[in-house]
Amino acid sequence: MTMAQESETHLPGSYQRLRADGQYRVGAEPTTIAFNHIGKRGERRVDGYEKATGKALYTRDMVLPGMLFARVMRCPYAHARIKQMDTRSAEALPGVRAIIRYDDPEVKGRALNGSYFAQGWARPKLAGWALKPVHLVLADEGWHEGQPMGVVIAADTEAIAEQALRLVRVEWEELPFVLDQEDALKPDAPVLRPGATSNEIHDPRKTFKFGDVEKGFQEADRVIEFQARRRAHLWAGAEMPSVLVRWLDGRMELWVHEQQPYHAKQLLAEWLDIGMDQITMNTVYQGCSFGGRGNPANHSENGMNILATLLSKRTGRPIKMLYDRRDTFFGESGDIATSYFKVGFKNDGTITAVQMKNIFAVYVAATGVDHLVENTKIPNLSCEAIPVDVSIGPAWWARCEHLPSCLSLTLVFDHVAAELGMDPIEVALKNDGNHGHDVSYLLQYMREHGFPERDSLKECIEIGKRAIGWDEKWHQPGARKLPNGKLHGIAFTWDHNWDDSRGTGSAAVMIENDGSVNIIGQHVDIGPNPWTPLCQIVADEIGVPFESVHIKPWTLDTGFALMSPDGSANLVANGAIVRKAAQKARRMLLELAAEVFEVACPEELDIQNGAIFVKADPGRTKTIRQVVTKAMPMHCSGAFWTQPPVLAWAWHAQGIWGQADETGRPRLCRQAHFMEVEVDPDTGQVDVTRVVNVNDVGKAVSPEAVEGQMYGGTILGVSRGLIEEMVWDPRTGVLLNGNLLDYKYATALDCGPIDTCFIETGLGHGPYGTCGIGEATPTIIPALLSPAVYNAIGKWVDDFPITPEKVLQALGKI
């Protein structure tokens, strides 16, 4: 059997098949350990019991004796400035313990993040350009409705703090605002930032060019142009933002709701001008965040940390600062954009050129062309990305920075296929590649770098086609009406499976005196079961039972911090970190055991299931506990001498992606997605009746975690594509649906059966050939709704979310 045949396809409910000898060689490096726990189903989820029983403690649950509660004022207008503020009534309210105003010296004019902006986010001022907004800790001017500003109050209870805020009297100066990014570029639009002559924000990523698009259009048999729009949707955190701070005479301790706590610690130390060693940062369980808790420009992170710290310092008591649900509607995903496409292609489906222009609101998460570069052989690409300042909250790459790129790839390929009347699968396979090269370039890279030679996209497609019945169900647009009167649609899209080429961090592995193993390294839990796979890796690398491995992720004071959970890169980065540390710990353990067994070298020994034995004489065995019983990290009663503790640490940087040369590494793993819909031509209602996901994950360390991400991500994707939209009143600029009654999320009831299929080709650059999975389905599925609806009704609806009203408009019924 060849390596190309060893990998098994995983359909829902299938089980891992191991080679008889338990040895694997995947990816670009040999793997010589037995996979006893890696890839095994049924391993107990590390965080499962506490979460399932309700015993898990989240940041919002934390309580300290004498704790006060803090609330901050919100701007009631889309753009306004404080002319006068009277806080005397609030100060006189019983139970109010401290008030900090925007004009207090300790905060007046101070930005949330000093050097963060100085190091590149705010550029040297260019004539006529608006700069990225520099948000103040406590501003006197509100740039969007709901912005934290003006005053923060600490009181005995949250209710008293709220009451005190209502007693603050403010004289406001309302200022001009603009909500739409294209409107903001019009000559008569109000310019929002002082000193600028335009609302266009300077961004060095504004233009991208690859090849010659004009030449590509000349070589094309056909050229089409179309437009798409993605409207604002929320970062969608389940746990509302909060922080608990205790100031301790120059030192401080925090319990934070953060996705990147080390970054937050660095920013806080800088702002307060104290050493990072004076800050203890604790991260208990986190109620998910989808990237929304990783925005340093957001007041809900560094801003609330700073204000809570100042209040704790002023009162001498712990401060718990809270946001309510309305407060959480403070920012949007960074893919709010109007996009213009021009595509040239041959009659056989070969795409010769793509030109696009993306006009973004507030922030550019990604230019939108990236996946056409990384995934295709298209030789000529051009993209202009224009970020524009508007009067809405700070956008960020919440819910994935790849959203613009996934949208672009899906729409480009499906519009080309529709124009030609071709099966979109044929167009995908014809244009697969990397940086203008075809698939042969990727196969050469696999050969030269020790990867198995696999056509990941073709394998994913074949599995998906069979699962959904593509050959039987695919039809020309608008051609199939169901017995229930609805129109049937079916669609396909594809992409690479990211991310196997980013991330850095550190961790330690310690073998305790009883033979149990601890992973030491702060890491934030945001829900995707990150710790179970790390324990599986350590168990197999050392040779111990999974049940004997534990992780200590709660504080940064250990000195070790695993990569923060973002970018769909946690497993590839953190898996490599704990793998290295476990390998070092195993070597240390065997060196110690060599003395105990009195053998010449550690290579004469092996470890299996927690027992150390002599390879040549397996009957000579000792438990790990027997070997390490005197390897103590400290002097203790009854032990007057010790051996060095078995403690090993590792640091890892995963690298970058790009071409197979000095610029990085190409993406090799692919994914394919299929969707069926039913569209009611009378109401415009779109029902998603079936989704089939096929992801090449390289290697599934925890199959249940992989499938869970694919399943939940599908529902998130349907939610984004069909339902979710933040709506502002065009007359006042006030957000109208800042609650979970009026802002709609999809649930499992809004989607038909979801198939979660995956293959393991070993083509990832992570440990054991892994690559990411967490962001894949929720990022790709939204765009897939457009070709699915088109296949049903024969009309394009490229304005997301695809609401019934837009469908009826496309059908000419309203």
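Two strands pair if DSSP finds at least two bridges between them, and strands (E, at least two residues) and helices (H or I, at least four) are DSSP runs numbered from the N terminus. This is a predicted model, in which local features need pLDDT of at least 70 and side-chain atom pairs count only at pLDDT 80 or more, while totals for chains, interfaces and linings use all residues. Residues are numbered from 1 along each chain as its sequence is written, and side-chain values use heavy atoms, with hydrogens and water left out.

Select residues 605-608 and 611-614, strands S23 and S24, which pair in the antiparallel sense over four bridges. Ile-607 has Ile-612 of S24 as its bridge partner, and in the hairpin, where two residues lie between the strands, Asn-609 takes a positive phi near 50°.

Next, select strand S21 (residues 517-520), where Val-517 and Ile-519 on one side and Asn-518 and Ile-520 on the other are all buried, that is, under 20% relative accessible area with a 1.4 Å probe and protein chains only.

Finally, select helices H19 (residues 703-722) and H20 (residues 776-793), which pack at an angle of about 40° with their axes 7 Å apart, the axes being lines fitted to C-alpha atoms over the stretch in contact and angles running from 0 to 180 degrees between N-to-C directions. Contact means heavy atoms within 4.5 Å, and the residues making it include Gly-713 and Gly-717 of H19 and Ile-781 and Leu-785 of H20.

Conventions: Buried means under 20% relative accessible area, exposed over 50%, partly exposed in between (1.4 Å probe, protein chains only).
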